[in-house]
Amino acid sequence: MSNSSSVLRSGLTVAAAAALPLLAAAAPAFAGPGISVSTTGTTVSVTTSSCTQINGSWGTASLLTSSQGSFAQGRQVTLSGTATSQSAAWSGVSPGTYTVIVVCSDGTTAGTQSVVVSTAPTPSRSASPSASPSRGVMGGVGGSSTDYGTVTLVAGGALVGTGVLGTALYLRRRNKPHRL
């Protein structure tokens, strides 16, 4: 049974490996790295790796509202970064749906992506103030905050060792048959 199951498993593995190039050919080709847009609170940031530097410029990114239709109408920010990653960010963006467009310095569009900026949660106040500890939690080994000396630690280790040895001797004597 183990022979037939191993042959079956290896046959399935070979079939899966043979089908892999067919699956890769059926998948749509990805045109390029594109852009990645993220939001944190009221800040929108975009990252790309598809622009090349020309005359000291990587390109420009534009943040468009739903009522704006062209790249020039949006809030434009110059890309900064390195040959492997370029980025731009807008702060103080009000809640709503926006479109981010990145145009490289050679005039090609690196990508376009929509993003939703949600309202930032407002901090809530508690009804009654609570007292906070003055020194925080004193965590650590056993929760102690006292630094014990070497003599105390050696004595504690000797007591633990004696306890382990006594337990082992007791269990060994208990397992022996009683002779009369």
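Colleague: What share of the contacts in the protein chain with a separation of 6 or more comes from residues 24 or more positions apart?

Modeller: They account for 51%, where contact means heavy atoms within 4.5 Å. Bear in mind this is a predicted model, with local features needing pLDDT of at least 70 and side-chain atom pairs counting only at pLDDT 80 or more, while totals for chains, interfaces and linings use all residues. Numbering runs from 1 along each chain as its sequence is written, and side-chain values use heavy atoms, leaving out hydrogens and water.

Colleague: What is the average pLDDT of the protein chain?

Modeller: It's 75, and 64% of the residues score at least 70; pLDDT is the predictor's confidence in each residue, from 0 to 100.

Colleague: Why is Q86 called buried?

Modeller: Buried means under 20% relative accessible area (1.4 Å probe, protein chains only). Q86 has 0%, so it counts as buried. Across the protein chain, 16% of the 180 residues are buried.

Colleague: Which residues does Q86 touch, leaving aside neighbours within four places in sequence?

Modeller: Among them are V46, T47, C51, W58 and L79. Q86 itself sits in strand 6, residues 86-90.

Colleague: What does the side chain of Q86 reach at 2.8 Å?

Modeller: The backbone oxygen of T82. The Q86 side chain also reaches the backbone nitrogen of C51, at 3.4 Å.

Technical notes. Helices (H or I, at least four residues) and strands (E, at least two) are DSSP runs, numbered from the N terminus. Buried means under 20% relative accessible area, exposed over 50%, partly exposed in between (1.4 Å probe, protein chains only). A polar contact is a pair of N or O atoms within 3.5 Å; within protein, one must be able to donate a hydrogen and the other to accept it, and residues adjacent in sequence count only if both atoms are side-chain atoms.
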